[in-house]
Amino acid sequence: MKNHVTQKYQKPLPRMRTAKECFHMIHEADPDSRISLCYIRNLAKNRLVIAHQIGSRILINYDSLIDYLNKAATFETRPTSERKAVGGISPVQ
């Protein structure tokens, strides 16, 4: 894939795609992926990935999405003993 560069600033252009396009790009790279379209939309809605609303469309920065998914894959959960209570509910020991 050709990396487009702006002439004035020599920075790579962000790959802005709709959630459906991101979904298809992920599944082209990995046909067995379990990432759902709803999950991608929720990441954008909750501002966990870079996204911009253009009219009625929400465009997601595809590279930001991939970075987020890579970080989530290497995330280590803390042991139950280190978890804090949320909203007055204590974790089950």
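Student: How much of the protein counts as buried?
Tutor: Of its 93 residues, 19% count as buried, and please keep in mind that this is a predicted model.

Student: Okay, and what does the secondary structure come to?
Tutor: There are three helices and three strands, and from the N terminus on the elements follow the order β-α-α-β-β-α.

Student: How do the strands pair up, say β1 and β3?
Tutor: Strand β1, which covers residues 16-17, pairs with β3 in the antiparallel sense over two bridges, and Arg17 has Ile60 of β3 as its bridge partner.

Student: And what about β2 with β3, how many bridges there?
Tutor: Strand β2, residues 51-54, is also antiparallel to β3, with four bridges between them, and here Ala51 stands opposite Ile60. The hairpin of β2 and β3 has two residues between the strands, and in it Gly55 takes a positive phi near 65 degrees.

Student: Switching to helices: which residues of α1 are buried?
Tutor: In α1, which spans residues 19-29, the buried ones are Ala19, Cys22, Met25 and Ile26.

Student: Where do they sit around the axis?
Tutor: They lie on the same side of α1, because they cover an arc of only 125 degrees around the axis. As a general point, an α-helix has 3.6 residues a turn, so residues three or four places apart point the same way.

Student: Which residues touch the most other members of the largest nonpolar core?
Tutor: That core has 14 residues, and those touching the most other members are Cys22, Ile26, Ile40, Val49, Ile60 and Leu65. The elements giving two or more residues to this core are α1, α2 (37-45) and α3 (62-73).

Student: Let me follow up on Leu65, what does it touch?
Tutor: If residues up to four places away in sequence are not counted, Leu65 touches Cys22, Ile26, Ile40, Leu43, Val49 and Ile60.

Student: New topic: is Asn61 buried or exposed?
Tutor: Asn61, which is found in strand β3 (residues 57-61), is buried, because its relative accessible area is 11% and the cut-off for buried is under 20%.

Student: What does its side chain reach?
Tutor: The side chain of Asn61 reaches the backbone nitrogen of Asp63 at 3.0 Å, and a polar atom of that side chain lies 3.1 Å from the backbone nitrogen of Ser64.

Student: And which residues is Asn61 in contact with, leaving aside neighbours within four places in sequence?
Tutor: With those neighbours left aside, Asn61 is in contact with Pro14, Arg15, Met16 and Ile50.

Methods:
Residues numbered from 1 in each chain as written. Predicted model: local features only at pLDDT ≥ 70, side-chain atom pairs only at ≥ 80, totals over all residues. Heavy atoms only, no water. Buried < 20%, exposed > 50% of the residue type's maximum accessible area, 1.4 Å probe, protein only. Arc of directions from axis to C-beta. Core = buried A, V, L, I, M, F, W, Y, C linked by side-chain atoms within 4.5 Å. Contact = heavy atoms within 4.5 Å. Polar contact = N/O pair within 3.5 Å; in protein donor to acceptor, adjacent residues only side chain to side chain. Pairing = 2+ DSSP bridges.
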